[in-house]
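Hello,

Here is the structure I promised to pass on to you. Have a look at it first, and then read my notes below.

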Amino acid sequence: LFCTTHKRHFHLTMYTQMSMHSNDSHIAGGGLPSVWLEQVASSVVALLEESHYRVRSGKNKAAQLFDTPTIAAMSIEDYVMRIGEYCNATAGAYTMALLYLRRFCSVTSAPLTERNVHRLFAVCLLVGFKFVDDDTCTNEFFAHVAGMSVKELNQLEKQFMLVLDWHVTATEMEFKKNLHFIEAQGTEEGEDLCFSDAPTDVGSSDDFEESS
């Protein structure tokens, strides 16, 4: 879906390079410590639970495209860990994925539910891959890992970008807010992995263009 040029030029100030400050030796297949992926999974669960208490009016057709007929057999926690095992993404990409989840639900006024959370997280992370990491896996490979067809993934990615009006940037404050939210998920058990002391890399994003 993404090409290298687009009419709009986006600038993003955020952490794109993160050093690791952990003695955890259990590294997931994607290169990030499993503790970090567990914190990401807990963050998504926290947003899911928070959404249950919000009253939404009406239905958003764009958001409904992410609904599955039934609740997935795989928990969202296991789903996050599976993607992390096979796809090499930085902590920055996961942080942006969480930010995109919130942004999508805010724009559509749609709740995060057990029927849409898997597809939404997958697409959010895919966009985060492309925006932050640039060098990432193909849609074909990602679709296989995420458990959907390439056609379906492409359609959902396109719809996601249209809903966000191609607004995939974030301020440093927005980025840090979501990064700290993820880090906070591990504090109760004392196994948190902190990236927020890493140096800030200021740069501009690639331009994007929707393919025909």
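Which residues does Thr-95 touch, not counting residues up to four places away in sequence? They are Trp-36, Phe-175, Asn-178, Leu-179 and Ile-182, where contact means heavy atoms within 4.5 Å.

Before going on, please note that this is a predicted model, in which local features need pLDDT of at least 70 and side-chain atom pairs count only at pLDDT 80 or more, while totals for chains, interfaces and linings use all residues. Residues are numbered from 1 along each chain as its sequence is written, and side-chain values use heavy atoms, with hydrogens and water left out.

Thr-95 lies in helix α4 (residues 91-108); helices are DSSP runs of H or I with at least four residues, strands are E runs of at least two, and both are numbered from the N terminus. Thr-95 has a relative accessible area of 0%, so it is buried (under 20% relative accessible area, 1.4 Å probe, protein chains only). Its side chain comes to 2.8 Å from the backbone oxygen of Ala-91.

As for the protein chain, you will find 8 helices and 2 strands, in the order β-α-α-α-α-α-α-α-α-β. Of its 212 residues, 49% are buried.

Helix α7 is worth a visit too. Its buried residues are Leu-153, Leu-156, Glu-157, Phe-160, Met-161 and Val-163. They cover an arc of only 155° around the axis, so they sit on the same side of α7 (the arc is taken from the directions from the helix axis to the C-beta atoms). These buried residues pack against α2 (61-64), α4, α5 (117-133) and α6 (139-146). Just after α7, Asp-165 has a positive phi of about 55°.

Best wishes

Methods
Buried means under 20% relative accessible area, exposed over 50%, partly exposed in between (1.4 Å probe, protein chains only). A polar contact is a pair of N or O atoms within 3.5 Å; within protein, one must be able to donate a hydrogen and the other to accept it, and residues adjacent in sequence count only if both atoms are side-chain atoms.
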